[in-house]
Amino acid sequence: MPVPCKSCGNEPREEDLFCRQCGEELNEDNVLECECGAEVQHEDNFCHQCGAAFEEETDEDISH
Ligand SMILES: [Zn+2]
Ligand SMILES: [Zn+2]
């Protein structure tokens, strides 16, 4: 279940990244937690706290 917008309370669709009502970022799912406890972003390849590498399944698609 999507989390209601923390700014206006609007219920977003699951695929929404931003609130359709007020534009607030709905990034709850984008924040991951490293095993060291640091909050890391989905696009990060390495933890900024402990340097742990995160598995990226899309890294094999290098076109140049
Ligand atoms: Zn909102
Ligand atoms: Zn870490």
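Start with V3: it counts as exposed, because 10 C-beta neighbours sit inside 10 Å.

Some ground rules. This is a predicted model, where local features need pLDDT of at least 70, side-chain atom pairs count only at pLDDT 80 or more, and totals for chains, interfaces and linings use all residues. Residues are numbered from 1 along each chain as its sequence is written, while chains are lettered from A and ligands numbered from 1 in the order in which they are written.

Now the overall picture. The protein has two strands and zero helices. Both terms are DSSP runs numbered from the N terminus: helices are H or I with at least four residues, strands are E with at least two. Of the 64 residues, 3% are buried. Take the contacts between residues at least 6 apart in sequence: 2% of them join residues at least 24 apart. Contact here means C-beta atoms, placed from the backbone, within 7 Å.

Back to V3. V3 belongs to the segment before β1.

Next, F18. Where is F18 found? In the segment before β1, and that strand covers 31-33. F18 is partly exposed, because 13 other C-beta atoms lie within 10 Å. Setting aside residues up to four places away in sequence, F18 touches G23, E24, E25 and L26. There is also C5 to look at. F18 and C5 are 13 residues apart in sequence, and their C-alpha atoms are 8.8 Å apart.

On to R20. R20 has its place in the segment before β1. Why is R20 partly exposed? Because it has 14 other C-beta atoms within 10 Å. Not counting residues up to four places away in sequence, R20 touches N10 and P12. For R20 and N10, 10 residues apart along the chain, the C-alpha separation is 8.0 Å.

Last, Q21. Q21 lies in the segment before β1. It is partly exposed, with 13 other C-beta atoms within 10 Å. Which residues does Q21 contact, leaving aside neighbours within four places in sequence? They are C5, C8 and N10. As for E11, it is 10 residues from Q21 in sequence, and C-alpha to C-alpha the two are 9.3 Å apart.

Conventions: Buried ≥ 20, exposed ≤ 12 C-beta atoms within 10 Å, placed from the backbone.
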